[in-house]
Amino acid sequence: MLADRAAASTNENPLRGRRVAVLATDGVEQVELVQPMEALRAAGAEVHLVSLACESIQAMNHDDKADTFPVDRSVDEVKIADYQGLVIPGGVANPDRLRADPAAVKLVRDFVEHDKPVASICHGPWLLVEANVVRGRTLTSWPSLQTDIRNAGGEWVDREVVVDQKLVTSRKPADLPAFCEKLVSLMSSAVEESLVDRAIEQTFPASDPTSFQVPASAGAMNERRSRPRDEAAPPT
């Protein structure tokens, strides 16, 4: 009974106990910031808004100012190991400002190089281009970015959501339902993958040699080599 309840809780909150970083700054499209954060929190994740400074950021509804949001961490404070994945919302000004900041660009590159889930929507993939992580990948974005993506070695397609390994991308706010679904699914799968890897490591520690991997010491081998062989007895 308790095991069943625990399994049900895990299914309802697959990201419980996990942190996800959302990288944004002034000019972020509010709906592209809020809806992914809400979806992640509904799945049990602790969501941190990461920005260029620990203050607040101004969101936008297209060209109009919307709400402000408090920042939880600056890019300089974020440690990759503390986070399950990264979300990069859109808004024209948001990724344009972020891609001019070396620390923000490095943060994105580090998440990808550490094989952690990264999700980006609308103009957000500009930051992926700047981080040089789209080469050989298939992704989508706001249509005006397709030339930049192709020039950076990526394949641009016109779909509401695209998953390439641990990278999720979408085109625009209308794609948010599909984007959020894939975002949560990908990060949940990554959690399961890490749990399996950890279980394997605990069951078969790398430091435990198997019976067929125990080599003789160098001293013992040299001793055997220096020991004279027994001569065959002469025939009678």
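This is a short tour of a predicted model, stop by stop. Local features are given where pLDDT is at least 70 and side-chain atom pairs at pLDDT 80 or more, while totals for chains, interfaces and linings use all residues. Residues are numbered from 1 along each chain as its sequence is written, and side-chain values use heavy atoms, leaving out hydrogens and water.

**The sheet**

Select the strands of the open sheet, which has 7 of them in the order E6-E3-E1-E7-E8-E12-E11, with mixed pairing. Helices (H or I, at least four residues) and strands (E, at least two) are DSSP runs numbered from the N terminus, and two strands pair if DSSP finds at least two bridges between them. E6 and strand E11 (161-164) stand at the edges; each has a single partner strand, so one side of each lacks a neighbour in the sheet.

Next, select E1 and E3, which pair in the parallel sense over 5 bridges. Arginine 19 has glutamate 46, in E3, as its bridge partner.

**Strand E3 and serine 51**

Stay on E3. Because 5 of its 6 residues are buried, E3 is largely enclosed by the rest of the structure. Buried means under 20% relative accessible area, exposed over 50%, and partly exposed in between (1.4 Å probe, protein chains only).

Within strand E3, select serine 51. Serine 51 counts as buried, at 2% relative accessibility. E3 also pairs in the parallel sense with strand E6 (residues 73-74), over 2 bridges, and serine 51 stands opposite serine 74 in E6. Contact means heavy atoms within 4.5 Å; leaving aside residues up to four places away in sequence, serine 51 touches Ala24, Thr25, Ile57, Val71, Arg73, Ser74 and Val75.

**The cores**

Now select Leu33, Leu40, Leu49 and Ile57, which touch the most other members of the 32 in the largest nonpolar core. E1, helix H2 (30-42), E3, strand E4 (56-61), E8 and helix H7 (176-203) each give two or more residues to this core. H7 supplies the largest share, 9 residues. Apart from this core lies another, of 30 residues, among them Val50, Leu98, Val118 and Ala152. A nonpolar core is a set of buried Ala, Val, Leu, Ile, Met, Phe, Trp, Tyr and Cys residues joined through side-chain atoms within 4.5 Å.

**Helix H4**

Move to helix H4 (residues 102-113), which has 12 residues. At its start, a side-chain oxygen of aspartate 101 reaches to within 3.1 Å of the backbone nitrogen of alanine 103. Select the buried residues of H4: Ala104, Val105, Leu107, Val108, Asp110, Phe111 and Val112. They pack against several elements, including strand E1 (19-23), strand E3 (46-51), strand E7 (85-88) and helix H3 (93-98). Just after H4, aspartate 115 takes a positive phi of about 60°.

**Glycine 124**

The last stop is glycine 124, in the loop between E8 and H5. Glycine 124 is buried, with a relative accessible area of 0%. Not counting residues up to four places away in sequence, glycine 124 touches Ile88, Pro89, Gly90 and Pro95.

Methods. Expected span 1.5 Å × (residues − 1). Polar contact = N/O pair within 3.5 Å; in protein donor to acceptor, adjacent residues only side chain to side chain.
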